[in-house]
Amino acid sequence: MVDDIGQRVITLVTRHSGVYMFRKKKYDTYTASSSIHFDVKLDQDDAEELIEDYSREFNVDMSNFRLETYYPEVNFSWNLLKKPEPVDVPDFTIGMLIESAKAGKWLYD
């Protein structure tokens, strides 16, 4: 069962997750373990907007949060035959947002 803060965070993430064709409610399956990057599929700009709204709505101190940690710069190559080097990205989940909202500050990094 999700508590009130958890549900409010999920609702906020849902608002930022976009609109889907035919009103498909893909976001109905979001949970605390859902990845912001892989499940919600927010790009860097959308994630930045989410974090701004999140910190304002839940009064969370995000001074030690670095978006670049979760959305690192990927080297681009014009060589189509060369695979890009894989980039190791740490977890960035809805649960992290929920726990930080309860604490009033960003708890990770």
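Me: What separates Asp53 and Arg56 in helix H2?

Reply: Helices here are DSSP runs of H or I with at least four residues, strands are runs of E with at least two, and both are numbered from the N terminus. Because Asp53 and Arg56 are three residues apart in helix H2, about one helical turn separates them. Before continuing, note that this is a predicted model, in which local features need pLDDT of at least 70 and side-chain atom pairs count only at pLDDT 80 or more, while totals for chains, interfaces and linings use all residues. Residues are numbered from 1 along each chain as its sequence is written, and side-chain values use heavy atoms, with hydrogens and water left out.

Me: In what kind of interaction do the side chains of Asp53 and Arg56 meet?

Reply: Side chains of opposite charge can pair when their charged atoms come close. The term salt bridge is used for a side-chain nitrogen of Lys or Arg within 4 Å of a carboxyl oxygen of Asp or Glu. Asp53 and Arg56 form such a salt bridge, with an N to O distance of 2.5 Å. For solvent exposure, buried means under 20% relative accessible area, exposed means over 50%, and partly exposed lies in between (1.4 Å probe, protein chains only). Asp53, at 22% relative accessibility, is partly exposed, whereas Arg56, at 59%, is exposed.

Me: How many salt bridges does the structure hold?

Reply: There are three salt bridges. One of them joins Lys102 and Glu99, at 3.8 Å from N to O. These two residues are three apart in helix H4 and therefore separated by about one helical turn. Lys102 is partly exposed at 44% relative accessibility, and Glu99 is partly exposed at 36%.

Me: Which parts of the chain does the pair Arg15 and Glu57 link?

Reply: Arg15 and Glu57 form a salt bridge in which the closest N and O atoms are 3.3 Å apart. This pair links distant parts of the chain, as Arg15 belongs to helix H1 (residues 4-16) and Glu57 to helix H2, 42 residues apart. Arg15 counts as exposed, at 54% relative accessibility, while Glu57 is partly exposed at 37%.

Me: At what angle do the axes of H2 and H4 cross?

Reply: Axes are lines fitted to C-alpha atoms, for helices over the stretch in contact, and the angles between N-to-C directions run from 0 to 180 degrees. The axes of H2 (residues 44-58) and H4 (residues 94-103) come within 10 Å and cross at roughly 30 degrees. Angles under 35 degrees count as roughly parallel, over 145 as roughly antiparallel, 65 to 115 as roughly perpendicular, and the rest as oblique. H2 and H4 are therefore roughly parallel to each other.

Me: Which residues make the contact between H2 and H4?

Reply: Contact means heavy atoms within 4.5 Å. From H2 the contact draws on Leu50, Ile51, Tyr54 and Phe58, and from H4 on Leu97, Ser100 and Ala101. Sorted by class, the contact has six nonpolar residues, one polar residue and no charged residues. In this scheme Ala, Val, Leu, Ile, Met, Phe, Trp, Tyr, Cys and Pro are nonpolar, Asp, Glu, Lys and Arg are charged, and the others, Gly among them, are polar.

Me: Is H4 mostly covered or mostly uncovered?

Reply: H4 is mostly covered, with seven of its ten residues buried. The buried residues are Ile94, Gly95, Met96, Leu97, Ile98, Ser100 and Ala101. Their cover includes H1, H2 and helix H3 (67-70). Just after H4, Gly104 has a positive phi of about 85 degrees.

Me: Where does Lys41 lie, and what is its phi?

Reply: Lys41 is in the loop between H1 and H2. Its phi is near 65 degrees, a positive value in a residue other than glycine. Lys41 is exposed, with a relative accessible area of 56%. Asn59, in the loop between H2 and H3, is not a glycine either and has a positive phi of about 55 degrees. Asn59 is exposed at 65% relative accessibility.

Me: With which residues is Asn64 in contact, leaving aside its neighbours within four places in sequence?

Reply: With those neighbours left aside, Asn64 touches Trp106, Tyr108 and Asp109. Asn64 lies in the loop between H2 and H3 and is partly exposed at 38% relative accessibility. Its C-alpha atom is separated by 8.7 Å from that of Lys105, 41 residues apart along the chain.
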